[in-house]
Amino acid sequence: MPEAHHAALDDLLDLLDLERIERDIFRGQSRSALVPRVFGGQVAAQALVAAGRTVPADRSPSSRLRSSGGGPIAHSLHAYFLRPGDPGAPIVYTVDRIRDGRSFTTRRVVAVQHGQPIFHLSASFQTYEEGLDHQVEMPPAPDPESLPTPAEMLPRHLPREVADRLIEARAAVDLRYAETPPWGTVGQPREPRSQVWFRTNGKLADDPLLHVVLATYVSDMTLLDSVLLAHGRGGWAVGDVVGASLDHAMWFHRPFRADEWLLYDQESPTASGGRGLGQARIYTQDGRLAISVIQEGVVRVPR
């Protein structure tokens, strides 16, 4: 693994780490993204970190990653993006301890910049328990190792400057498209489905909350691609649409590691009224359904 990728992952982990300034108040830093606002996946991931750090000590989410027992794990999150975040200013996260039950722990987090809320998160944690178990099968997908890396793929479809910025912005993650991404087929509408494989560019500690946080961060990168595919639009990378995340929900079904290959199988069932809906399932490489995701975003054609 190139040294630059390890450094990028270290930088991302530092970014997602938060300063505790009060019992339930945390401060996070920001960094510039491809657009002049904070990347939504960053805010969602930092808010989840804040929520997780208020889970009672006897239920630490840092319990064994692959164990059959232990403390609670994050099982769902529901979020709204309220205002664009300013990448030049810190973000303050205030956690409301809604409930600590025998099985479930619920937290609400509000992210504030310049005195105004920019993001709202509700997250729930559950202690491990046995129960009914079934899942839909993982769809066919190419071997991730057979697919081009971002450095190999992006310059084929984007101007060099744009490709370099996108590679730099995503350097902490090895994200490989199973098919040509939207900006590679502009003007050619196709089925609103897309698949990407992803994993972090380096190993992570055995902390289940950390893996959930990293998956949350990545989940906002490509989910609306399927909306663009249906209309032959290249998206934010080429400027033929204007978009932003509106709300985002995730359910965490089974243990996984974000530093091992995960298949992000995405589709868009509908787009209307200046909004597009994406829904997805994330599978481990051995076929276990780990996460379900739904997101709606603004998708407007510039006039």
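Is Tyr217 buried or exposed in this structure? At 4% relative accessibility, Tyr217 counts as buried. The legends below describe close-up views of a predicted model.

**Figure 1. Phe39 and Tyr217 form an aromatic pair.** The structure holds 4 aromatic pairs. In the pair shown here, the rings of Phe39 and Tyr217 are arranged edge-to-face, with 5.2 Å from centre to centre and 85° between the planes. Phe39 belongs to the loop between β2 (25-28) and α2 (40-52), whereas Tyr217 belongs to helix α5 (residues 208-222), so the pair ties together parts that are 178 residues apart in sequence.

**Figure 2. Phe198 and Tyr264 form an edge-to-face aromatic pair.** The ring centres of Phe198 and Tyr264 are 6.1 Å apart, and the angle between the planes is 70°. Because Phe198 lies in strand β8 (residues 193-200) and Tyr264 in strand β10 (residues 262-272), this pair ties together parts that are 66 residues apart in sequence. Phe198 has 1% relative accessibility and counts as buried. Tyr264 likewise counts as buried, at 1% relative accessibility.

**Figure 3. Phe119 is part of the largest nonpolar core.** In soluble globular proteins, nonpolar side chains tend to be buried together. The largest nonpolar core in this model has 66 residues. Tyr93, Phe119 and Ile291 are the residues with the most contacts inside this core. When residues up to four places away in sequence are not counted, the residues that Phe119 touches include Val43, Ala44, Ala47, Tyr80, Phe81 and Val110. Another core, of 6 residues, lies apart from the largest one; among its residues are Trp197, Leu263, Tyr283 and Leu289.

**Figure 4. Salt bridges join Arg23 to Asp24 and Arg108 to Asp96.** Side chains of opposite charge can pair when their charged atoms come close. A search of the whole structure finds 17 salt bridges. In the salt bridge between Arg23 and Asp24, the closest N and O atoms are 3.2 Å apart. Arg23 is exposed, with 53% relative accessibility, whereas Asp24 is buried, with 13%. In the salt bridge between Arg108 and Asp96, the closest N and O atoms are 2.5 Å apart. This second pair links distant parts of the chain, with Arg108 in strand β5 (residues 104-113) and Asp96 in strand β4 (residues 91-100), 12 residues apart. Arg108 counts as partly exposed at 34% relative accessibility, and Asp96 counts as partly exposed at 33%.

**Figure 5. Glu145 forms a salt bridge with Arg199.** The closest N and O atoms of Glu145 and Arg199 are 3.6 Å apart. Glu145 is in the loop between β6 (116-126) and α3 (150-157) and Arg199 is in strand β8, so their pairing ties together parts that are 54 residues apart in sequence. Glu145 is partly exposed, with 48% relative accessibility. Arg199 is buried, with a relative accessible area of 19%. Elsewhere, a network of salt bridges links Lys203, Asp206, Arg257 and Asp259.

**Figure 6. Helix α5 is largely enclosed by the rest of the structure.** This description applies because 14 of the 15 residues of α5 are buried. The N-terminal end of α5 is capped by Asp207, which has a side-chain oxygen 3.0 Å from the backbone nitrogen of Leu209.

**Figure 7. Asp220 is buried yet has no salt bridge.** Asp220 is found in helix α5. The nearest side chain of opposite charge is that of Arg37, 7.9 Å away. A salt bridge requires a side-chain nitrogen of Lys or Arg within 4 Å of a carboxyl oxygen of Asp or Glu. Leaving aside neighbours within four places in sequence, Asp220 is in contact with Phe39, Gly40, Gly41, Ser245, His248 and Gln295.

**Figure 8. Arg27 is found in strand β2.** Arg27 has 30% relative accessibility and counts as partly exposed. Apart from its neighbours within four places in sequence, Arg27 is in contact with Leu18, Glu19, Ile21, Pro90 and Ile91. From C-alpha to C-alpha, Arg27 and Trp183 are 36 Å apart in space, and they are 156 residues apart in sequence.

Note on methods
Residues are numbered from 1 along each chain as its sequence is written. This is a predicted model: local features need pLDDT of at least 70, side-chain atom pairs count only at pLDDT 80 or more; totals for chains, interfaces and linings use all residues. Side-chain values use heavy atoms; hydrogens and water are left out. Rings of Phe, Tyr and Trp (its six-membered ring) pair if their centres lie within 6.5 Å; planes under 30 degrees apart count as stacked, over 60 as edge-to-face and the rest as tilted. Helices (H or I, at least four residues) and strands (E, at least two) are DSSP runs, numbered from the N terminus. Buried means under 20% relative accessible area, exposed over 50%, partly exposed in between (1.4 Å probe, protein chains only). A nonpolar core is a set of buried Ala, Val, Leu, Ile, Met, Phe, Trp, Tyr and Cys residues joined through side-chain atoms within 4.5 Å. Contact means heavy atoms within 4.5 Å. A polar contact is a pair of N or O atoms within 3.5 Å; within protein, one must be able to donate a hydrogen and the other to accept it, and residues adjacent in sequence count only if both atoms are side-chain atoms. Lys and Arg count as positive and Asp and Glu as negative; His and the chain ends are not counted.
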